[in-house]
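Trainee: Could you walk me through this one before I go back to my own notes?
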Amino acid sequence: MPSRPSRVVKEQHPTKKSFLDLESLNELPDSFAWGSFEDPCSIDNPSGYGPDSVPVINLQDPQAQQLVGLACRSWGVFQVTNHGIQKSLLDDIEAAGKSLFALPVNQKLKAARSSCGVTGYGPAGISSFFPKRMWSEGFTILGSPLDHARQLWPNNYNKFCDIIEKYQKEMNQLAKKLMQLVVGSLGISNQDIMNWADLLEGANGAMQLNSYPIRPDPNRAMGLAAHTDSTLLTILHQSNTTGLQVFRERSGWVTVPPISGGLVINIGDLLHILSNGRYPSVYHRAMVNRVQHRLSVAYLYGPASGVRVQPLPKLIDATHPPLYRPVTWSEYLGIKSEHLTKALSLIRINHNTNPSLTGLIGNDEPKSINVDSDKTILAVFG
Ligand SMILES: O=C(O)CCC(=O)C(=O)O
């Protein structure tokens, strides 16, 4: 991920004074009280299973590409099994994340995100767009984790670094495989993309570790507010605790239940652009749990810096004009860090949103974003 010029990051630099030890708070401070949600894990589709649930795809299935295409078109998100990542590596990354967040706050602050940086410990990058604070802590890794790991564990940082480096490598390979499937499902071959090699060979990812402490009154707190990712795609490992929800126009908020050894894949804004609006970049959020601490690890995958992402020529014709102008990842991150939900509409060049013409589900131009309660977040999409 290229470095981003971000007012968000500047405002989110945590200080010893502003950063609270969430686990130690009995009462929910007003600054964290978001209004009232339904019981977070029982909204719309309580279990996350059934006909109206996020598709689960076995990547060894001979029909995998077709199933990926269906899932991308109608959900923008799916879970994968048999993806080739060892369960032991998922267990290791989870244990590494838990050991990091279990450190005393003062120790974690030694690796705090700097005022002009994107990596390290701190609140969610989107926090400054919302009136209330989120009930979570994050740790962002870009490239080598060594400097921050040394600050966190001066005498014992190697194990953490080894796990992170192995995870990054394996996720990068899986992301490439998934990109082939997703783009293949659009009827595009490698040869159809002139700069396919550039797009994927230099592509890389940032890692975002998220920790959501238990909250006795979870219906008043928000773990991570609704957002789309500025990526091509995101690969998420979630611990065995419910919390992730995705928004689907005809279904509302749908829980994505953790599957042991499974990974959640969501389409990001850049793949939405590449697909010329056919695949939606899905809004998602993380709710807080009453009984169990939750951890997630997102691998945020995007193209090499300098690669301009634009609608694939094969997906453009008289009835499907290009919806977006070309944009690099760093330019897009800059726009998103200033405008969050309006970023896609700011690079849009064709405003014909007739779904029968564009295949667009229509989530890129929310009228406003106000996530104080379930009612208002639904208004964003209505
Ligand atoms: O914790 C989760 O399930 C979601 C994480 C996420 O959306 C993110 O890191 O951007």
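This is a predicted model: local features need pLDDT of at least 70, side-chain atom pairs count only at pLDDT 80 or more; totals for chains, interfaces and linings use all residues.

Trainee: What is the strand order in the open sheet of 8 strands?
Mentor: The order reads 1-2-10-7-12-5-4-3, and the pairing is mixed. Strand 1 (56–58) and strand 3 (120–122) are the edge strands, each of them pairing on one side only.

Trainee: And strands 1 and 2, parallel or antiparallel?
Mentor: They run parallel, with 3 bridges joining strand 1 to strand 2 (residues 77–81), and Val-56 stands opposite Gln-79 in strand 2.

Trainee: Which strands does helix 3 touch?
Mentor: Helix 3 (residues 87–101) packs on the sheet and touches strand 4 (137–142), strand 5, strand 7 and strand 12, its direction making about 115° with that of strand 12.

Trainee: Switching topic, how do helix 2 and helix 6 cross?
Mentor: The axes of helix 2 (residues 64–74) and helix 6 (residues 158–184) come within 8 Å and cross at roughly 75°, so the two helices are roughly perpendicular to each other. In the contact, Ala-64, Gln-65, Val-68 and Cys-72 of helix 2 meet Leu-181, Val-182 and Gly-184 of helix 6, which by class gives 5 nonpolar, 2 polar and no charged residues.

Trainee: What does UniProt say about residues 157–184?
Mentor: An unreviewed UniProt entry places a "coiled-coil region" there; in the model that stretch is 96% helix and 0% strand, with its end C-alpha atoms 41 Å apart.

Trainee: Last one: which strands each supply at least two residues of the shell around the ligand?
Mentor: Those are strand 5 (204–212), strand 7 (233–238), strand 11 (284–286) and strand 12 (294–302). The residues around the ligand include Gln-208, Asp-229, His-284 and Ser-296, and by class the shell has 5 nonpolar, 6 polar and 1 charged residues.

Key:
Residues are numbered from 1 along each chain as its sequence is written. A residue is near a molecule or strand if its C-beta atom, placed from the backbone, lies within 6 Å of it. Helices (H or I, at least four residues) and strands (E, at least two) are DSSP runs, numbered from the N terminus. Ala, Val, Leu, Ile, Met, Phe, Trp, Tyr, Cys and Pro count as nonpolar, Asp, Glu, Lys and Arg as charged, and the others, Gly among them, as polar. Axes are lines fitted to C-alpha atoms, for helices over the stretch in contact, and angles run from 0 to 180 degrees between N-to-C directions. Angles under 35 degrees count as roughly parallel, over 145 as roughly antiparallel, 65 to 115 as roughly perpendicular and the rest as oblique. Two residues are in contact if their C-beta atoms, placed from the backbone, lie within 7 Å. UniProt positions are given in the numbering used here, feature names are shortened, and annotations may be inferred rather than shown by experiment. Two strands pair if DSSP finds at least two bridges between them.
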